[in-house]
Amino acid sequence: MIKNIVFDVGDVLVEFCYRRYMRNLGFSEETVEFLAQNMVLTEFWHQLDAGEKMEKEAVETFTAKYPQYKDEIISFWENIQGIVEEFDYALPLVKSLKERGYGVYVLSNYPVETAERHWPTFRFLPETDGHIISGFERLIKPDPRIYRLLESRFGLVLSECLFVDDRQVNIDGAEAVGMQGMLFKDPESFLAELREKGIADISLSEIGIVA
């Protein structure tokens, strides 16, 4: 029996809109794609999520490696607040699940310093029952220890938790420790799957989406 819903954050409750963010900073399309492939979508970002690297190191590393993009890289990190945008449905979705008696938790791979900037602005966060951020724990999904941290820190039974993430590898990690998993694609299919599994019957209009 599912008693708790555990959400990932990026591209589930907030949009990780790094390409649009760079376009908004005035970067050329060539620059956007170069920095996406060679800075954002790299092992270094994984190390940021794991709390092994910090923003200062990112600036130093990437400006040294790609001096032709020095100004853009500095601007990227100076304005990092704009790299995510909370989905409008996030708050009403969390509230709807809480109203139905579910515990709602958040388990996210997220760098320390960007979390310190972003998370206080997330409207859904005060409605949740607890959260775990990888950078602060120096553990990262799909390491089984980060899922078990939910159990020990919040007194949860993992078999009673549904884990929702947009990446299958993280779902696999959750299921390996006994959680149930659900791959998030969009709010419409997510609500449909909740309904099919008998977890919650939440309409699109309830979370502010006009069908």
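Leaving aside its neighbours within four places in sequence, Phe124 is in contact (heavy atoms within 4.5 Å) with Leu13, Val14, Glu86, Ala90, Leu91, Val94 and Val106. The model is predicted, and local features need pLDDT of at least 70, side-chain atom pairs count only at pLDDT 80 or more, and totals for chains, interfaces and linings use all residues. Residues are numbered from 1 along each chain as its sequence is written, and side-chain values use heavy atoms, with hydrogens and water left out.

Phe124 is also one of the members of the largest nonpolar core, of 57 residues, that touch the most other members, together with Phe7, Phe76, Leu93 and Leu97. Such a core is a set of buried Ala, Val, Leu, Ile, Met, Phe, Trp, Tyr and Cys residues joined through side-chain atoms within 4.5 Å, where buried means under 20% relative accessible area (1.4 Å probe, protein chains only). A second, separate core of 17 residues includes Ile132, Leu139, Leu150 and Ile171.

Helices here are DSSP runs (H or I, at least four residues), numbered from the N terminus; their axes are lines fitted to C-alpha atoms over the stretch in contact, with angles from 0 to 180 degrees between N-to-C directions.

| Helix pair | Angle | Axis distance |
|---|---|---|
| H2 (residues 29–40) and H5 (residues 70–78) | about 70° | 12 Å |
| H4 (residues 55–65) and H5 | about 165° | 9 Å |

The angle makes H4 roughly antiparallel to H5 (over 145 degrees). In this contact, Glu55, Ala58, Val59, Phe62 and Thr63 of H4 meet Lys70, Ile73, Ile74 and Trp77 of H5.

Note on methods: Buried < 20%, exposed > 50% of the residue type's maximum accessible area, 1.4 Å probe, protein only. Helix = DSSP H or I, 4+ residues; strand = E, 2+ residues; numbered from the N terminus. Parallel < 35°, antiparallel > 145°, perpendicular 65-115°, else oblique.
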